[in-house]
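Please look through the chain shown here with an eye to its strands, its loops and the contacts between side chains. The paragraphs that follow take these topics in turn.

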Amino acid sequence: MNIHPLDGIWRLIAATSRDAQGRELPPPYGVQPLGTVQIQNGRMLAALCNADDLPGPDAAREYVSYGGPCRFDGERLITSVDLSARADWLGGEQVREAELSGDRLVLRPPLRADRKSTRLNSSH
């Protein structure tokens with residue numbers, strides 16, 4: 001039984017990105033995004049990457065993973081990061097606007113320093 005409304009394993013089905021003026025940018029994880037977000041027992045773990053075919057063996061694949069204790073205030077998912085592929089996230093908080101509609105969870109991070117915003121659509 002789920003105790004928390006966001007508890008479960010969520011599969012990434014789409015990721016979009018927009019600039020500060022709302023113009024669409026290239027998808028942050030390519031046209032074939034791959035990833036999961038697992039929320040259970042007050043912890044969150046996310047692993048997201050680009051699953052597109054890469055143009056060559058030295059091409060970089062976009063990847064992010066992080067996790068830690070989390071809480072949901074009804075509008076935002078707040079994760080206290082205690083593990084991350086990005087060292088600069090360790091010890092801080094990652095905050096995402098969270099919208100739950102049926103079996104779909106939409107997570108939106110705040111506008112980043114590079115003036116981009118990403119939207120992740122996931123389903124159970």
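**Strands, a loop and an aromatic pair**

Ser 65, leaving aside its neighbours within four places in sequence, is in contact (heavy atoms within 4.5 Å) with Ala 46, Ala 47, Ser 84 and Ala 85. This is a predicted model, in which local features need pLDDT of at least 70 and side-chain atom pairs count only at pLDDT 80 or more, whereas totals for chains, interfaces and linings use all residues. Residues are numbered from 1 along each chain as its sequence is written, and side-chain values use heavy atoms, with hydrogens and water left out.

Ser 65 belongs to strand E5, where helices (H or I, at least four residues) and strands (E, at least two) are DSSP runs numbered from the N terminus. With a relative accessible area of 12%, Ser 65 is buried, a term that stands for under 20% relative accessible area, as against exposed for over 50% and partly exposed in between (1.4 Å probe, protein chains only). The side chain of Ser 65 also makes a polar contact with the side chain of Tyr 63, at 3.2 Å; such a contact is a pair of N or O atoms within 3.5 Å, of which, within protein, one must be able to donate a hydrogen and the other to accept it, and residues adjacent in sequence count only if both atoms are side-chain atoms.

Strand E5 (residues 63-72) pairs with strand E6 (residues 76-80) in the antiparallel sense over three bridges, pairing being assigned if DSSP finds at least two bridges between two strands. The two strands form a hairpin with three residues between them, and Gly 74 in the turn has a positive phi of about 100°.

A search of the whole structure finds one aromatic pair. Its members are Tyr 66 and Trp 89, arranged edge-to-face, with 5.1 Å centre to centre and 85° between the planes; rings of Phe, Tyr and Trp (its six-membered ring) pair if their centres lie within 6.5 Å, and planes under 30 degrees apart count as stacked, over 60 as edge-to-face and the rest as tilted. Tyr 66 and Trp 89 are both buried.

Asp 52, in the loop between strand E4 (43-50) and E5, counts as buried because its relative accessibility is 15%. A polar atom of the Asp 52 side chain lies 2.9 Å from the backbone nitrogen of Val 31.
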